[in-house]
Amino acid sequence: MINFDLAFIDFETTGLGFDSEIIEMAVITVNHQNLEVLEEWSVKIKPNYLDRADPDSLAINGYNDVEWTDALEIKPALQMFLQKTSDKVIVGQNLCFDWLWLHRSLFENGMLASMKFESGKLYYQSLDTVSLAYSKLRNVPGIEKFSLDELTKYFGISRLRAHRALDDARATYEPFVKLLNY
């Protein structure tokens, strides 16, 4: 595990229910030795069922028809995501959420076999910044939860656009580095 680079991921969805879908994803790859950013990537995804989307979620994510004009279909976006994360340790904030959407989307698009846990595929171990934050900050007065908002405020990290995939992936990476050295 220590020989794999890291891939900080984030997904934005049309809601929290199982009838929702991914509308944006991002990956920031980081060198495992010096923790320097190697690449940033994000993509917008065309929703197939916008009529089922939660309006509050769309407002939070900043969804609008103009920005999503050139959005990709989900399958090519997933293929690109798998290429970007191949042989990387996945890192996420509350990773269970994104992991669930990833598995579901891969399954629905007949791509679950693409995740085979072997060389050249998605690595089977992952890291969650919530767990890391809990282990390092649980006794710090004033910290009550370990959300991205709470962590970025605690470490004095500015966020440009919360609930946008690339900005949230950055907001996951920066506290992660600070927590490792805490």
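M25 has V43 as its bridge partner in β3. Both the pairing and the model need a word of context. This is a predicted model, in which local features need pLDDT of at least 70, side-chain atom pairs count only at pLDDT 80 or more, and totals for chains, interfaces and linings use all residues. Residues are numbered from 1 along each chain as its sequence is written, and side-chain values use heavy atoms, with hydrogens and water left out.

Strand β2 (residues 22-30) runs antiparallel to β3, and 7 bridges join the two. Strands here are DSSP runs of E with at least two residues, helices are runs of H or I with at least four, and numbering starts at the N terminus. Two strands pair if DSSP finds at least two bridges between them.

Now widen the view. The open sheet has 5 strands in the order β3-β2-β1-β4-β5, and its pairing is mixed. At the edges lie β3 (37-44) and β5 (126-128), each pairing on one side only. On average, neighbouring strands are turned by 20° against each other, direction ignored. Helix α3 (residues 95-108) packs on this sheet. The helix touches β1 (5-13), β2, β4 (88-92) and β5, and its direction makes about 80° with that of β1. Contact means heavy atoms within 4.5 Å. Axes are lines fitted to C-alpha atoms, for helices over the stretch in contact, and angles run from 0 to 180 degrees between N-to-C directions. Helix α4 (residues 129-137) lies across β4 and β5, at about 55° to β5.

Next come the charges. Side chains of opposite charge can pair when their charged atoms come close. The whole structure holds 12 salt bridges, each a side-chain nitrogen of Lys or Arg within 4 Å of a carboxyl oxygen of Asp or Glu.

Start with E24. Its side chain meets that of K44 in a salt bridge, 3.6 Å from N to O. E24 sits in strand β2 and K44 in strand β3, 20 residues apart. E24 also meets R164, at 3.1 Å from N to O. R164 lies in the loop between α5 (148-155) and α6 (165-180), so this pair ties together parts that are 140 residues apart in sequence. E24 counts as buried because its relative accessibility is 4%; R164, at 6%, is buried too. Buried means under 20% relative accessible area, exposed over 50%, and partly exposed in between (1.4 Å probe, protein chains only). A network of salt bridges links E24, K44, E67, R161 and R164.

Another pair joins R159 and D149, with the closest N and O atoms 2.5 Å apart. R159 is in the loop between α5 and α6, D149 in helix α5, so the pair ties together parts 10 residues apart in sequence. R159 is partly exposed at 21% relative accessibility, as is D149 at 38%.
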